[in-house]
Amino acid sequence: MKENDLVLPLDAVKEMNKQLETLDKNYKIIFSEDLFFSIQDVIRITNWSKKTVEDLFNNPAFPATDLGKKKLVLKSAFIEFFSVKRCRADKDYWK
């Protein structure tokens, strides 16, 4: 072994690999040809619960739209919405 070699436990390598796989999935979702995110897409991107994401989509401040029985959000609107910091004290904070 050389002086500058990095030694990591197997568990740490597995965890890093898991994180890379998650990033790869999110990258594919975000940079796909689709213009909209569905509830399932947002769940995968944020790793939030289904209830939390459904609450977000039902919040009047969130730029979601209903398309038939599906709730969708335009990708650019999703990114813009989360580019603004929201605090619980704010009236625009979603619960």
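Three strands form an open sheet in the order E1-E3-E2, and their pairing is antiparallel. Strand E1 (36-38) and strand E2 (64-67) are at the edges with a single partner strand each, so one side of each has no neighbour in the sheet.

The model is a predicted one, in which local features need pLDDT of at least 70 and side-chain atom pairs count only at pLDDT 80 or more, while totals for chains, interfaces and linings use all residues. Residues are numbered from 1 along each chain as its sequence is written, and side-chain values use heavy atoms, with hydrogens and water left out.

Strands (E, at least two residues) and helices (H or I, at least four) are DSSP runs, numbered from the N terminus. Two strands pair if DSSP finds at least two bridges between them. E1 and strand E3 (residues 70-74) are joined in the antiparallel sense by three bridges. Within this arrangement, Phe36 has Leu74 in E3 opposite it.

Helix H2 (residues 39-46) packs on the sheet and touches E1 and E3, and its direction makes about 85° with that of E1. Contact here means heavy atoms within 4.5 Å. Angles run from 0 to 180 degrees between N-to-C directions, and axes are lines fitted to C-alpha atoms, for helices over the stretch in contact. Helix H4 (residues 75-82) also lies across E1 and E3, at about 70° to E3.

Helix H4 contains Ser76. Ser76 has a relative accessible area of 47%, so it counts as partly exposed; buried means under 20%, exposed over 50%, and partly exposed in between (1.4 Å probe, protein chains only). Although Ser76 and Phe37 are 39 residues apart along the chain, their C-alpha atoms are separated by 9.7 Å.

The sheet can now be placed in the whole chain. The chain has four helices and three strands, and along the sequence they follow the pattern α-β-α-α-β-β-α. Of its 95 residues, 22% are buried.

Finally, there is the matter of confidence. The predictor's confidence in each residue is its pLDDT, from 0 to 100. The chain averages 84, and 85% of the residues score at least 70. Among the elements, helix H1 (residues 10-30) has the lowest mean pLDDT (80), whereas helix H3 (residues 50-58) has the highest (95). Where pLDDT is low, the predicted coordinates should not be read in detail.
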